[in-house]
Amino acid sequence: MIPRVYFVGTAGSGKSTLVNTVKEWMENLSYDAITVNLDPGAEFLPYTPDIDIRENISLESVMENYSLGPNGAQIVAADLVVQEAERIKELMDSYDSDYTLIDTPGQLELFAFRGSSSQLISTLGEENNAMLYLFDAVLMKNPESYVSSRFLAMSVMTRFYVPFLGVVSKTDLLEPEERMRIERWDRNRNELIKDLRESSASLNVQLSEAILNGSESLSILGESIFTSSESEEGVEDIYAFLQKIFYGSDDLEKR
Ligand SMILES: Nc1nc2c(ncn2[C@@H]2O[C@H](COP(=O)(O)OP(=O)(O)O)[C@@H](O)[C@H]2O)c(=O)[nH]1
Ligand SMILES: [Mg+2]
């Protein structure tokens with residue numbers, strides 16, 4: 001089965017933009033990637049998807065048919081995507097490409113925490129999947145938000161049994177020292193604990209101790225790759241990761 005790469009992350013973390021950047025990067029090196037949009041609520045996409053859920057599910061029609069506002073309609077639409085899973089799978093199978101890049105709904109919880117998504121992934125195929133989890137760089141700047149972003153990622157990871165790569169997106173928006181701090185926290189839990197203690201002296205003591213104890217488990221996520229769709233930084237590293245898990249080699253040769 002052609003490798004499938006799910007792009008997952010909080011709203012605005014840069015999923016759709018990175019799908020486009022990775023696709024263009026692959027194309028420039030003569031690799032073939034198709035793009036799939038699974039976000040019924042996407043208003044604008046930076047790429048033209050080869051397969052697009054919006055052809056069958058539109059937010060407007062869900063709002064009309066179910067008498068819902070935009071928020072309720074997003075939830076119903078996310079569940080309706082499952083009904084389209086077989087059709088999407090058939091469409092995916094009709095392409096012969098090197099990679100299938102899958103863009104997921106803007107709001108993370110619609111994809112990550114509803115049973116419909118596990119069902120969707122199992123219908124699309126459990127094998128040859130990988131997940132790129134985007135950490136919004138802007139939400140990683142201080143130790144508290146770094147910790148909560150990493151815990152959120154870990155809870156998403158527990159929902160899907162697929163190889164997982166953390167990606168800090170939009171790194172062009174970080175000052176060099178902000179970036180160095182994130183890299184340090186990724187590598188060294190003691191540094192994270194030190195900075196967390198310093199900056200969250202006002203946190204409830206019990207809660208902060210619990211967070212500190214739990215922070216050890218965050219190393220399960222590994223170190224993130226730093227990417228920017230503006231500068232294309234890190235795209236090659238993403239590709240090397242994918243080559244390694246799908247083709248057993250991290251060189252950049254075409255399969
Ligand atoms: N500066 C900068 N902005 C970015 C980058 N990637 C995405 N954006 C912007 O962040 C916003 C949200 O991006 P989008 O891809 O739609 O996020 P999504 O909701 O996760 O799909 C858009 O305005 C993008 O132009 C990046 O690498 N650098
Ligand atoms: Mg998007």
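This is a predicted model: local features need pLDDT of at least 70, side-chain atom pairs count only at pLDDT 80 or more; totals for chains, interfaces and linings use all residues.
Residues are numbered from 1 along each chain as its sequence is written, and chains are lettered from A and ligands numbered from 1 in the order in which they are written. Local features need pLDDT of at least 70, side-chain atom pairs count only at pLDDT 80 or more, and totals for chains, interfaces and linings use all residues, while side-chain values use heavy atoms, with hydrogens and water left out.

Helices (H or I, at least four residues) and strands (E, at least two) are DSSP runs, numbered from the N terminus. Two strands are taken to pair if DSSP finds at least two bridges between them. An open sheet is formed by 7 strands in the order β3-β2-β4-β1-β5-β6-β7, with parallel pairing. Its edge strands, each pairing on one side only, are β3 (51–52) and β7 (225–226). Strands β5 (residues 129–136) and β6 (residues 164–169) run parallel and are joined by 6 bridges. S169 in β6 is the bridge partner of D136.

Helix α7 (residues 143–157) lies across β1 (4–9), β5 and β6 and runs at about 160° to β5. Here axes are lines fitted to C-alpha atoms, for helices over the stretch in contact, and angles run from 0 to 180 degrees between N-to-C directions. Angles under 35 degrees count as roughly parallel, over 145 as roughly antiparallel, 65 to 115 as roughly perpendicular and the rest as oblique. Contact means heavy atoms within 4.5 Å.

Helix α1 packs with helix α11 (residues 235–247) at an angle of about 80°, the axes lying 10 Å apart. The two helices α1 and α11 are therefore roughly perpendicular. On the α1 side, L18, T21, V22, W25 and M26 meet V235, E236, I238, Y239 and L242 of α11. This contact of α1 with α11 has 8 nonpolar, 1 polar and 1 charged residues; Ala, Val, Leu, Ile, Met, Phe, Trp, Tyr, Cys and Pro count as nonpolar, Asp, Glu, Lys and Arg as charged, and the others, Gly among them, as polar.

Helices α8 (residues 176–187) and α9 (residues 189–199) pack at about 120°, with axes 5 Å apart, so α8 is oblique to α9. R181, R184, W185 and R187 of α8 make the contact with R189, E191, L192 and D195 of α9. By class, these residues divide into 2 nonpolar, no polar and 6 charged.

Spaces were located on a 1 Å grid over the protein atoms alone: a cavity is a set of points where a 1.4 Å probe fits but cannot get out, a pocket is an open set with protein on both sides within 12 Å along at least five of seven lines, and lining residues have an atom within 4 Å of a point. Grid points are joined across faces, edges and corners, and a volume is the space filled by probe spheres set on the points. The count is 1 cavity of 30 Å³ or more. The largest cavity has a volume of about 70 Å³, and its lining includes L38, A78 and F111. Helix α6 gives the most to this lining, with 3 residues. The lining of the largest cavity comprises 8 nonpolar, 2 polar and no charged residues.

The largest pocket has a volume of about 230 Å³. Of its 17 lining residues, G12, K15, S16, D39 and G106 lie nearest its centre.
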